[in-house]
Amino acid sequence: KDIKAADKIVNTRDAKDFALRLNLESMVLLKNKNSILPLDKAKLKSVLVTGPLANATNYTISRYGPSNHNSISVLEGLKAYSKNIKVEYAKGCEMVNEGFPGTELIGREETEVEKRSINEAVEKAKAVDVIIAVVGEDEQMVGESLSRTSLELPGHQLKLLKALHATGKPVIAVLVNGRPLT
């Protein structure tokens, strides 16, 4: 059980190239209204990155394999890639709301703290050219013995998306999920 030896065998250049290919080939563009994608860096001045998974990396590492893979968040990746674009950040909401998972069956309005978090993202959204919302499920919600009672986005993520959409700014939703979501 030499973990370091396993990491050397698994975390090779070939393995990284293969993982990149798998990631690129597994992405699915569900909708591209008004041909917003691909974004034109030359025309973009500012972006808001929001959502409970925007600045997260925990869902990118498997508990069944080597854990020494370098992982960066969507927020960090966009900042590194977009040197001349102002990248704003507001979390917007947590992965789940207070009372989860019971609230999947019987909904609950947002608390004042949750409302403020969504409103902070909306206010920042009003001042940017485009919004990238990273929503879905993390490693605590998908996997063995992690069933849910709903296929909806957990917590107040849908409320966040609707509030961002209401600004009239283009919204790109990046879904992170290991099972179907509606």
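**Exercise 1.** In this predicted model, find how much space lies in the second largest pocket, and name the residues closest to its centre.

*Solution.* Start with the volume: the second largest pocket holds about 290 Å³ of space. Next, look at the lining, which is made up of 17 residues. Closest to the centre are Thr103, Glu152, Leu153, Pro154 and Gly155. Finally, sort the lining by class: four residues are nonpolar, seven polar and six charged.

**Exercise 2.** Work out which residues of helix 5 are buried and what covers them.

*Solution.* Go along helix 5, residues 157-165, and pick out Gln157, Leu160, Leu161 and Leu164 as buried. Now check where they point: these residues sit on the same side of helix 5 because they span an arc of only 95° around the axis. Last, see what lies over them: the cover includes strand 1 (46-50), helix 4 (112-125), strand 3 (130-136) and strand 4 (171-176).

**Exercise 3.** Trace the salt bridges that Arg148 forms with Glu104 and Glu137.

*Solution.* Take Glu104 to begin with: its closest approach to Arg148, N to O, is 2.3 Å. This pair links distant parts of the chain, 44 residues apart, with Arg148 in the loop between strand 3 and helix 5 and Glu104 in the loop between strand 2 (86-90) and helix 4. Then turn to Glu137, where the closest N and O atoms of the bridge to Arg148 are 2.5 Å apart. Is Glu137 buried or exposed? With a relative accessible area of 2%, Glu137 is buried. Arg148, at 17%, is buried too. To finish, join the shared partners: Glu104, Glu137, Arg148 and Arg179 form one network.

Key: Residues numbered from 1 in each chain as written. Predicted model: local features only at pLDDT ≥ 70, side-chain atom pairs only at ≥ 80, totals over all residues. Heavy atoms only, no water. Buried < 20%, exposed > 50% of the residue type's maximum accessible area, 1.4 Å probe, protein only. Helix = DSSP H or I, 4+ residues; strand = E, 2+ residues; numbered from the N terminus. Arc of directions from axis to C-beta. Contact = heavy atoms within 4.5 Å. 1 Å grid on protein atoms, 1.4 Å probe; cavity = no way out; pocket = protein on both sides within 12 Å on 5 of 7 lines; lining within 4 Å. Points joined across faces, edges and corners; volume = space filled by probe spheres on them. Nonpolar A, V, L, I, M, F, W, Y, C, P; charged D, E, K, R; others polar. Salt bridge = Lys/Arg side-chain N within 4 Å of Asp/Glu carboxyl O.
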